[in-house]
Amino acid sequence: MADDPLTYYELQSCVGKGNFGDVYKSINKVTHEVFAIKIINMEETEEDINILIQEINLLSQLRSPYFTNYVKTFVRGTTMWIVMEYCGGGSCSELLKYLGKLNEQCVALIIRDTLKGLEYLHSQRKIHRDVKAANILLTEKGEVKLADFGVSSQIGVTQVKRDTFVGTPFWMAPEIITCKNGYNEKVDIWSLGITTIELATGSPPLSENNPMKVLFDIPDLPAPLLKGDNYSCNIKAFVAACLQKNPKLRPSCNILSQTPFVTKIRRSTSLVPLILKKQEKMREKNITPRSRIPLEKLVNMTNGAREDYWQLSTIRTRGRNLSRSPMSPITGELSASNAMTEETTPELDMPSKKLQLGYSDYLKYVILYALDKVRSRASTEVTKLDVDTLKATMEEFEKRQPGISCALVEEIFFRVRDQRLFTVHESN
Amino acid sequence: MAFLFKRNPKAQELVRNLNDSLTKLESYPTDNSNRKKVVADISKNLSQIKIILQGKIDNYEELDDENDDRLDMADSPSDYTDRVGSNTADLSIPGLAGSNVGSPETDSTIDQISQLANECYITDLLYRLLLNIETLEFNSRKDVYILCTSLLRREIGNRSPTIDYLLTHDYVIQLLMKAPEYHSNINILLSNILRECIKFEKVCRYCLNSELFWQYFKYSQQSSFENSTDALITLNDLLANHHGLVQEFFSKQSNLDRFIENINKLITCNNYVTKRQSIKLLSKLILQRSNYNLMTDYVNNSSNLKLIMINLSDKSKNLQYESFQVFKVFVANPKKNRQILDILIKNREKLLFFLKEFNYNDKDTVFNEEKEFLIQQIEELPSKNNST
């Protein structure tokens with residue numbers, strides 16, 4: 001059976017919300033390492049589940065220090081828990097949100113490492129398609145990691161509100177929109193240029209406009225430029241190289257990594273002070289994103305089988321005067337209520353003797369005992385498995401609601417006695 | 001990339017180097033320092049083989065490249081608007097996607113590749129690489145994938161020499177079929193190769209007739225998410241892609257019985273994903289016209305109906321929907337047996353209530369029409385009081 005993620009990880013707090021699910025900071029119970037767990041409710045995604053799975057497989061085959069790497073996936077109830085590297089420093093768009101624009105040295109550092117992440121991705125012949133500050137994450141040590149590749153890595157998207165529309169038009173290369181001859185990895189270079197402007201000025205070009213309008217404008221307008229005396233020639237040249245409307249003219253990651261903008265970064269440059277400052281501001285404003293599914297609900301999630309919905313078995317109805325005797329899934333015979341009750345009578349006696357049983361004893365000596373008996377009479381493997389599920393469910397509920405077995409046994413006993421459903425045996 | 005400027009070694013030489021290295025690996029199982037060097041040699045040779053196979057090296061590093069379309073392409077803007085959809089085009093391992101592998105451009109590379117292929121067949125290189133795959137470096141494992149899939153795509157006339165090789169050296173297929181027994185990292189790689197292989201009907205037939213095939217039902221219940229879900233994808237590919245072959249497979253009663261028993265076990269399991277994937281697979285197979293045998297067998301057994309009804313009433317909308325796709329066949333079957341009728345009659349009111357309340361997607365007209373049809377069919381059943 002599938003592993004339960006809660007055996008290995010403890011969920012702490014919701015650190016972000018994405019299109020597909022929420023992201024939680026969590027701790028590995030054994031190693032005490034911190035991870036990000038993205039929880040996707042598969043009931044809510046309209047995607048074919050196999051596509052999600054193959055996306056995750058794909059993600060598991062990518063490894064780079066400039067990437068939020070994949071660790072493992074679990075299934076719990078109807079949710080999928082994707083464990084990823086944790087970036088405690090938040091995203092670059094958070095930096096912008098709380099600190100305004102960044103200084104050029106910091107921008108260069110972020111862009112340099114993003115380029116390394118992109119270069120790796122492109123060497124694996126993959127296109128990111130959504131490069132922007134919100135998808136560039138930082139660790140607490142100030143390391144830069146590219147995130148949000150594919151479905152499964154909306155990790156760390158800490159914006160509370162996210163444009164569901166198309167992703168993000170402001171960063172989009174013109175050829176994606178016109179799409180005359182398809183597009184290639186150079187769309188990421190364009191987005192990187194826009195991201196550079198975003199980091200240096202606080203927002204991407206055209207961001208004051210309606211995103212829908214921008215979608216039409218980008219192919220028609222001349223490529224944006226970084227202007228003004230506040231910016232160095234190096235950053236201007238870098239942006240101009242990235243933002244060329246003809247994708248063939250845009251340099252590759254490798255070439256861009258050799259431009260002075262990213263090679264001439266002062267050794268002392270660090271993102272850690274920025275991260276600390278941002279965290280302080282966030283604390284002042286007391287910001288914590290709310291998760292879509294409350295934590296308690298995630299922890300107490302069960303599977304949704306309602307096996308008693310239909311009249312498929314005779315256990316519930318035995319002893320009642322039904323016009324016809326239904327098939328028993330347990331014995332595969334027409335229901336023989338006499339035979340069944342005879343066997344169960346000794347156990348039903350137990351509560352009436354007022355045994356000194358603890359709460360958990362009712363589970364062990366009555367419920368599970370009875371279910372074991374039922375299981376041994378099952379004629380098919382399927383039924384046995386179902387009974388096993390029922391046992392596990394009872395155990396789980398006893399853990400969650402200590403005493404529930406005791407109450408259930410008592411109520412069954414009272415019901416059986418009062419209703420005289422088993423008249424023949426009551427008189428014995 | 002300095003080695004590009006040296007003499008390019010010939011294919012034969014590379015294969016020989018690899019075989020030598022593998023022999024060394026196998027003969028020094030514990031000597032770690034030596035092994036490290038050997039593993040590095042293997043990586044180097046494999047990456048050179050990749051260059052031969054993919055034609056030019058890393059075209060994305062060239063500024064004015066006319067072959068931009070070699071990288072992953074999304075064909076239309078709508079692909080972009082739907083991020084998930086856009087990635088369906090390249091589901092294989094990154095960097096390895098079939099469509100991306102550049103075609104050799106000159107006669108000399110074609111020569112090189114056929115030499116390479118022949119050497120691989122003769123020396124059993126594919127098998128030896130796959131056997132030692134865990135020892136190889138992360139990136140050279142992907143190169144092994146490229147080697148395998150490139151060779152699979154080779155055709156001479158209407159012959160596929162790699163398929164001939166696989167079928168005469170079936171221990172390679174067997175090794176691939178055991179992929180889910182490896183760690184998930186290795187499994188994904190080997191399973192992807194296997195799925196490339198079973199696109200060829202001959203290999204798929206071999207797999208279906210192998211006892212290892214039945215292991216996939218067990219693999220699908222492994223505790224590792226990656227391996228269990230991946231095993232179900234392989235199972236799906238084995239059973240759903242070659243209709244004629246699967247029809248032949250289900251024409252054997254023993255296969256049919258065993259399949260139903262096993263798929264039911266998967267549907268009963270506790271894992272939501274496995275449940276959903278396996279019901280989907282079942283409905284896909286049952287609704288496939290050529291699998292008539294499977295359909296009639298399945299819908300004539302009342303315990304199957306119970307199982308499907310239990311899932312039809314699951315709290316999960318998606319499980320309900322997938323179960324509906326099977327349930328409808330039970331109801332639509334004009335020759336329902338007594339036991340099936342009994343269950344339907346006994347639950348007549350509840351079914352009618354359930355179906356009338358059951359909304360999955362208003363725009364899904366097929367679903368809604370089928371639902372109406374079922375309601376009509378069930379309404380025509382006698383209610384339980386006057387049935388005898």
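In this predicted model, A:Val75 has A:Met80 of strand S5(A) as its bridge partner. That pair belongs to the antiparallel pairing of strand S4 (residues 70–76) with strand S5 (residues 79–85) of chain A, which six bridges hold together.

**The S4–S5 hairpin of chain A**

- S4(A) and S5(A) form a hairpin in which two residues stand between the strands.
- A:Gly77, located in the turn, has a positive phi of about 55°.
- Strand S4(A) is mostly covered, as five of its seven residues are buried.
- A:Arg76 lies in strand S4 of chain A, and its relative accessible area of 9% falls under the 20% limit, so A:Arg76 counts as buried.
- Although A:Arg76 and A:Ile39 are 37 residues apart along the chain, a distance of 9.6 Å separates their C-alpha atoms.

**An annotated lysine in chain A**

- UniProt, in an unreviewed entry, lists A:Lys38 under "binding site".
- A:Lys38 is found in strand S3, which covers residues 34–41 of chain A.
- A:Lys38 counts as buried because its relative accessibility is 0%.

**The S6–S7–S8 sheet of chain A**

- Three strands of chain A form an open sheet in the order S6-S7-S8, with antiparallel pairing.
- Strand S6 (90–91) and strand S8 (144–146) of chain A are the edge strands, since each pairs on one side only.
- Strand S7 (residues 136–138) of chain A is joined to S6(A) by two bridges, and these strands run antiparallel.
- Within S7(A), A:Leu137 is the bridge partner of A:Ser91.
- Strands of a sheet pair through backbone hydrogen bonds, in either a parallel or an antiparallel manner.
- Helix H4 (residues 104–123) of chain A lies across S7 and S8 of chain A.
- The helix H4 of chain A runs at about 40° to S8(A).

**Chain B as a whole**

- Chain B has 388 residues, of which 57% count as buried.
- Considering contacts in chain B between residues at least 6 apart in sequence, 70% join residues at least 24 apart.
- Chain B exposes about 16,600 Å², and carbon and sulfur atoms supply 49% of that area.

**Helix H20 of chain B**

- Helix H20 of chain B spans residues 338–346, and its buried residues are B:Ile340, B:Leu341, B:Ile343, B:Leu344, B:Ile345 and B:Lys346.
- At the start of H20(B), the backbone nitrogen of B:Gln339 has a side-chain oxygen of B:Asn337 within 3.1 Å.

- B:Thr229 has its place in helix H13 (residues 225–240) of chain B.
- With a relative accessible area of 2%, B:Thr229 is buried.
- Leaving aside residues up to four places away in sequence, B:Thr229 touches A:Ile53 of chain A as well as B:Val273 and B:Gln277 of chain B.

Conventions:
Residues numbered from 1 in each chain as written. Chains lettered and ligands numbered in written order. Predicted model: local features only at pLDDT ≥ 70, side-chain atom pairs only at ≥ 80, totals over all residues. Heavy atoms only, no water. Buried < 20%, exposed > 50% of the residue type's maximum accessible area, 1.4 Å probe, protein only. Helix = DSSP H or I, 4+ residues; strand = E, 2+ residues; numbered from the N terminus. Pairing = 2+ DSSP bridges. Polar contact = N/O pair within 3.5 Å; in protein donor to acceptor, adjacent residues only side chain to side chain. UniProt positions renumbered as here; feature names shortened; annotations may be inferred. Contact = heavy atoms within 4.5 Å. Axes fitted to C-alpha atoms, helices over the stretch in contact; angles between N-to-C directions. Areas by Shrake-Rupley, 256 points an atom, 1.4 Å probe, with all protein chains shown as cover.
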